[in-house]
Amino acid sequence: RTVRLWNPLRNDPLSSQNDKSALPIQVYKEGHVHPVNCIAAQETTLLSSSTKTLIVTDMITGKIQRRLNEHTGRINSLA
């Protein structure tokens, strides 16, 4: 139901600590009512799917651009 975008390298210019844990970048809470099955990203576009729904989100603004929920079966992968 929620997609979280992380920076695994934690290149945080604002941190003075030597923290090696992943850095959270953005949280996308809108759109899915079922658990998210898969995601794909290209440039500033995030694709995420749950059950029979595909959601296209702008990663910068966090706004949903399109919701495609006419798929007849479960969406198992995105490219």
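Which residues line the largest cavity? They are R1, T2, V3, Y28, E30, H32, S48, I55 and T57. This is a predicted model, where local features need pLDDT of at least 70, side-chain atom pairs count only at pLDDT 80 or more, and totals for chains, interfaces and linings use all residues. Residues are numbered from 1 along each chain as its sequence is written, and side-chain values use heavy atoms, with hydrogens and water left out.

**The cavity**

A cavity here is a set of points, on a 1 Å grid over the protein atoms alone, where a 1.4 Å probe fits but cannot get out; lining residues have an atom within 4 Å of a point. Grid points are joined across faces, edges and corners, and a volume is the space filled by probe spheres set on the points. Searching the whole structure turns up one cavity of 30 Å³ or more, and the volume of the largest cavity is about 40 Å³. Its lining divides into three nonpolar, four polar and two charged residues (Asp, Glu, Lys and Arg count as charged; Ala, Val, Leu, Ile, Met, Phe, Trp, Tyr, Cys and Pro as nonpolar; the others, Gly among them, as polar).

Most residues other than glycine have a negative phi.

E43 sits in the loop between β3 (38-42) and β4 (45-50), and T51 in the loop between β4 and β5 (53-58); strands are DSSP runs (E, at least two residues), numbered from the N terminus.

Technical notes. 1 Å grid on protein atoms, 1.4 Å probe; cavity = no way out; pocket = protein on both sides within 12 Å on 5 of 7 lines; lining within 4 Å. Helix = DSSP H or I, 4+ residues; strand = E, 2+ residues; numbered from the N terminus.
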